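The report below takes helices, symmetry and sheets in turn.

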Number of protein chains: 2
Amino acid sequence: MRMSPFEDHIEFDLLGIGNAIVDVLAETEDTFLTAHDLVKGSMTLVDAPMAERLYHAMGPAIEVSGGSCANTVAGAAMLGARAAYIGKTAPDQLGEIFGHDLRALGVSYRTPFGRPEPPTARCFVLVSADAQRTMATYLGACVELGPEDIDPDLVARARVLYLEGYLWDPPRAKDALRYAMQAAKDADRTVALSLSDTFCVERHRVEFQELVSGPVDIMFANEAEALAISQQSTLSGAVEWLTGRCALAIITRGAKGAMVISADGVHEVAAIAPAAVVDTTGAGDLFAAGFLFGYTRGWDPVVCARAGAAAASEVIAHFGARPERDLIALVEHAIQHKEQG
Amino acid sequence: MRMSPFEDHIEFDLLGIGNAIVDVLAETEDTFLTAHDLVKGSMTLVDAPMAERLYHAMGPAIEVSGGSCANTVAGAAMLGARAAYIGKTAPDQLGEIFGHDLRALGVSYRTPFGRPEPPTARCFVLVSADAQRTMATYLGACVELGPEDIDPDLVARARVLYLEGYLWDPPRAKDALRYAMQAAKDADRTVALSLSDTFCVERHRVEFQELVSGPVDIMFANEAEALAISQQSTLSGAVEWLTGRCALAIITRGAKGAMVISADGVHEVAAIAPAAVVDTTGAGDLFAAGFLFGYTRGWDPVVCARAGAAAASEVIAHFGARPERDLIALVEHAIQHKEQG
């Protein structure tokens, strides 16, 4: 049965599906990264023994709920969006922490625990003195996510379905995603995708190209990911490749701001610089949070991008990928400030 | 056999024994504290069901290894002290986190895990907008600590034995402490005690009075704890009561600085104000870290107190009770600055 797209069937602004991960954040030095074959600024998948070795070698850490898509959902919820999340954890302490931190923000999160082993996923986030972060992810329980975790009715009740590219790494998740995207399309919902990471794009380029040319309505990528998916060597080449493929393509460029590519043309939006950049973890996730929040409110895409820039500027001003300050005030300020300017 | 106090038998500057706890930090509002019968600024012991209820009701959190004494040991290790720690955790993820974070600082920590249940202790640290913290502690595996966890040879090999008053709460720990203090005295080592918390002093006043008049050489207390142990209503009354009871009594007074009470008289040391006070959790713990580090280096008690003030000023400038910045530089600056002044 095809769901009606009418407003009264919408219960959530945003439904995210992602790898449910607890971040383990520590400061690091470049020598540590090279000694452990980690590429600065990127995300590397590690197996259980490598995760063990890394943890043993790294400095004291703090644990914060993470996961790219979950960070976005958390940020959107803090802005006032009605949000839901699907992602797999194990019945262990990190799984309890992950669930608590989402639910405490009012996010509807009901994915049942997987088996006790493998344990809840963790991501070692190694933050350098220059605020760059290098990630090593042990997927753990995330590999258990499958189509059985997708409730098509829930997908139909959410205005936007948001997926992270990282989900193409665990083996069965892509079946879950195809099922979810079909449910979203059947109900005339918007499908948004973050490309997540350059290496992730390299691993799944053909599929990502098909997605962006097909079911995906809104694509988020940073500059390197945009070059990787389009196999172009210049930003203008990537912009040209992306134009017309999906309704909205957003390229985030750090301090250089963001580009919004649509049928309407290409618009550039300035970044918002915090007093000091401490840790860039979560910048892309929170940009998407601000953008998608605005989108569900019917804002112009350029205004959405300003909201994204405001949310990103908050999260890079401190350690960790979840916002700590009053996001609503920051986003309102960013939008009003620009409208007056 | 009585150990020789000679230098070549000393392997550690500091051995701490404490409740091994992972902190669960979240921002809070005063209405939340009153709704859950928590007294602002104090530490309340909670049982498992109450811990569950509190966690369910509180906002998103971050997890950081804590435990008053372990914070002190961590800070001393960051300053360059050779440090060891004894405290009980369960074989679970929080227990692994606690152990990792101490060992990653070079602290020798070999206490075997307890049973799987009760789980590793956690302390809900609720931080108010005015930077005050209110704590609710579920002792969990800490109740398993007993004399069998104390290695008297280890005690004899450490210059200072440092105990937290909170250890008088779990039932069998006090037997462990008496055993450890005896081993320290037999080897002519220094015994230091933090009074931990006003309510903790109320719960164990007579024992704490005996300790301070007996085996304890160095006592740390804040103003309220000093009034509580001495049963005086004025600071001068507390100072008078403390004078002559132990070799060194230190009263920390937040922004008002610290008082060092010894046979040499009473000396006041100014506090060091950070740019902004974010979270006072760990202020007393880090004061003790700086002080004891200086003590093991043979510094004058007033200089030790300056080092303590510097370490405390670092930890109150950010969320969490473990230092994030270069403590050595901060302490060196505080000492040199004063010597020139």
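Helix α11 (residues 283-296) of chain A and helix α12 (residues 301-315) of chain A pack at an angle of about 145 degrees, and their axes lie 7 Å apart. The model is predicted: local features need pLDDT of at least 70, side-chain atom pairs count only at pLDDT 80 or more, and totals for chains, interfaces and linings use all residues. Residues are numbered from 1 along each chain as its sequence is written, while chains are lettered from A and ligands numbered from 1 in the order in which they are written.

Helices (H or I, at least four residues) and strands (E, at least two) are DSSP runs, numbered from the N terminus. Axes are lines fitted to C-alpha atoms, for helices over the stretch in contact, and angles run from 0 to 180 degrees between N-to-C directions.

The crossing of α11(A) and α12(A) is right-handed. A crossing is right-handed if the near helix is turned clockwise from the far one by less than a right angle, and left-handed if anticlockwise. Which residues meet? In α11(A) they include A:Phe287, A:Phe291 and A:Tyr295, and in α12(A) they include A:Val303, A:Cys304 and A:Glu314. Two residues are in contact if their C-beta atoms, placed from the backbone, lie within 7 Å. By class, this contact of α11(A) with α12(A) has 17 nonpolar, three polar and one charged residues. Ala, Val, Leu, Ile, Met, Phe, Trp, Tyr, Cys and Pro count as nonpolar, Asp, Glu, Lys and Arg as charged, and the others, Gly among them, as polar.

Now chain B. There, α11(B) and helix α12 (residues 301-315) of chain B pack at about 145 degrees, with axes 7 Å apart. α11(B) passes α12(B) in a right-handed crossing.

Helix α11 (residues 283-296) of chain B also meets helix α3 (residues 68-79) of chain B: their axes come within 8 Å and cross at roughly 45 degrees. That makes α3(B) oblique to α11(B). Angles under 35 degrees count as roughly parallel, over 145 as roughly antiparallel, 65 to 115 as roughly perpendicular and the rest as oblique. This crossing of α3(B) with α11(B) is right-handed. Among the residues that meet are B:Ser68 and B:Leu79 in α3(B), and B:Asp285 and B:Phe293 in α11(B). By class, the contact of α3(B) with α11(B) has seven nonpolar, five polar and one charged residues.

How are the two chains related? Chain A can be laid on chain B with an RMSD of 0.0 Å by a turn of 180 degrees and a shift of 0.0 Å along the axis. That is the relation of a two-fold axis. Copies are superposed by least squares on the C-alpha atoms of residues with pLDDT of at least 70 in both. Of the residues of chain A, A:Glu63 comes closest to the rotation axis, at 2.4 Å (C-alpha).

Where the chains touch, 19 residues of chain A are in contact with 19 residues of chain B. β4 (62-65) and α4 (93-103) of chain A each supply at least two residues of the touching side of chain A. α4(A) gives the most to that side, with five residues. By class, the side of chain A that touches chain B has ten nonpolar, five polar and four charged residues. 100% of the interface residues of chain A are also interface residues in chain B, so the copies meet through the same surface.

Ten strands form an open sheet in the order β3(A)-β8(A)-β7(A)-β2(A)-β4(A)-β4(B)-β2(B)-β7(B)-β8(B)-β3(B), and the pairing is mixed. β3 (43-45) of chain A and β3 (43-45) of chain B stand at the edges, each with a single partner strand, so one side of each is left without a neighbour in the sheet. The twist averages 25 degrees from one strand to the next.

Two strands pair if DSSP finds at least two bridges between them. Some pairs are listed here.

| Strand pair | Sense | Bridges |
|---|---|---|
| β4(A) and β4(B) | antiparallel | three bridges |
| β3(B) and β8(B) | parallel | three bridges |
| β9(B) and β10(B) | parallel | five bridges |
| β13(A) and β14(A) | antiparallel | five bridges |

A:Glu63 stands opposite B:Glu63 in β4(B). β13(A) and β14(A) form a hairpin with two residues between them.
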